Amino acid sequence: MSALLSIQKLTKRFGAITAVDGLEFEVGRGEVLGFLGPNGAGKSTTMKMISGFLAPTAGTVVVAGHDVRQEPQAVKAAIGYLPEGAPAYPDMTPLSFLCFVARIRGIAEKDVAGAVERVIAQTRLSDVVMQPIETLSKGFKRRVGLAQALVHDPEVLILDEPTDGLDPNQKHEVRGLIQSMAAEKCIVVSTHILEEVDAVCTRAMIIARGRVLADGIPADLKARSGAASLDDYFREVTGHA
Amino acid sequence: MRNIGLIFRREFAAYFATPLAYIFIVIFLVMAGTMTFFVGGFLARDQADLQPFFGFHPWLYLFLVPALSMRLWAEDRRLGTIELLLTLPITMVEAVIGKFLAAWAFTGVALALTFPLWISVNYLGNPDNGVIVASYLGSYLMAGAYMAIGSLISAMTKNQVIAFVVAAAVCFLFTVAGSPILLNYFENWAPGELVQTIASFGFMTHFQAIQRGVIDLRDLIFFGSAIAIALTANAYVIDWKKAE
């Protein structure tokens, strides 16, 4: 298994606060890594560094062979990123927004329509493509965010809380979508919904205070807990048992 | 270049997606007209030129340009779309220039729509059209300098109202830097060189020179470098503040 995403001694400090502290892991094609941790654990900060938004204080991230410090554009091109809260331009319609992202992602003009249609179908946005994004429900906004992350069919997907705020049906759909792409991509999903890990992840990692506390396949992590539930194991390792 | 073009198109369209564009253009035209005819005495002067029109441009831009620039970065920072924009495979320079050019082009549209005044003055008399062309060019360059300052200040905050107020205040300082309003304050105690330096930053001084119909390279370089410096600082500020 070749690692598409390699995190090497990744550290981020904000003044005196160390948000991410020497994080190290690799994720390969076909893996869906569930990135777990309490609020403030450093999940989003790590994802912001992987996506090239924040520069690491120390260490680095290598995505598909490109180092984020040396080749940030190549890293950004290889990644599909859903930032926390799925931000999108409220004045645009999903259609114009996705076309904008597709073009800026370097998709050739003749292929833009095809790529946008594909993600609209994948994320089931066809009913709302002509409505301004600001008028959409939270669930649709999140799907627009997912669609923009998928439009260039990236090898590496970084999804920061992709199901946050969705109703159970929408959650089910998004999980189904992630599963359908799992085989040919490398996917990192941050969440604090532990059932999500069971549903979609092939591997789970628990972090707190910027460090890895546990890393393994969900069944193994569960087995380590006396109560045989990931929930209990999470509380145990993050110090709230 | 392609990315700058794409960002430009998105940002330019964003002005027209809300009533902001139309409100801005109407207010700009009404105020420019009112100033020209009632304050500047365009007709009473009985002279075929557009001096009463251009003379008020620094004062109009002072309030209207910050109204356009305030959203440039503050809105992206508040909505979190800055994270989306800066994780697309574009460079910071492309993002800064694309956004700036869109806002500047929009001011260009508003300025271009004042053409009926130009036609009127040609109908009423025989103005020196060379001077008018130079004044339009100077006015547009000056608007660009105000816009670049506004863009820089917009990058410093998530709050658009703060961006507007601070940008208007800073633009005011640059407007009056060469005039007695500010210089009187310094003249009594500051060394002559300092007073001269402050005076040389005055937008009004440089614009008045162009308005006389003399396109001096120094005035063009002044506005050009004001734009370049403000936009460079803009890129650094975004990089510095984006984590917040």
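Which residues line the largest cavity? Let's look at that view first, keeping in mind that this is a predicted model.

**View 1. The largest cavity is lined by residues of chain A.** Its lining is made up of Glu161(A), Pro162(A), Thr163(A), Asp164(A), Ser190(A), Thr191(A), His192(A), Ile193(A) and Glu196(A). Sorted by class, these lining residues are two nonpolar, four polar and three charged. The volume of the largest cavity is about 40 Å³, and the structure holds one cavity of 30 Å³ or more.

**View 2. Here chain B and chain A come into contact.** Chain B brings 24 residues to the contact, while chain A brings 26 residues. The two chains bury about 2400 Å² between them, with 66% of that area on carbon and sulfur atoms. Three residues to look for are Arg10(B), Glu83(B) and Leu84(B): they supply 28% of the area that chain B buries against chain A, more than any other three residues.

**View 3. A salt bridge joins the side chains of Arg10(B) and Asp91(A).** The N to O distance in this pair is 3.4 Å. In total, two salt bridges are found across the interface of chain B and chain A. Eight residue pairs in polar contact are found across this interface too.

View 4. The largest share, eight residues, comes from H1(B). What classes of residue does the side of chain B that touches chain A have? There are 13 nonpolar, five polar and six charged residues.

Note on methods. Residues numbered from 1 in each chain as written. Chains lettered and ligands numbered in written order. Predicted model: local features only at pLDDT ≥ 70, side-chain atom pairs only at ≥ 80, totals over all residues. Heavy atoms only, no water. Contact = heavy atoms within 4.5 Å. Buried area = accessible area lost by both parts, 1.4 Å probe. Salt bridge = Lys/Arg side-chain N within 4 Å of Asp/Glu carboxyl O. Polar contact = N/O pair within 3.5 Å; in protein donor to acceptor, adjacent residues only side chain to side chain. Helix = DSSP H or I, 4+ residues; strand = E, 2+ residues; numbered from the N terminus. Nonpolar A, V, L, I, M, F, W, Y, C, P; charged D, E, K, R; others polar. 1 Å grid on protein atoms, 1.4 Å probe; cavity = no way out; pocket = protein on both sides within 12 Å on 5 of 7 lines; lining within 4 Å. Points joined across faces, edges and corners; volume = space filled by probe spheres on them.
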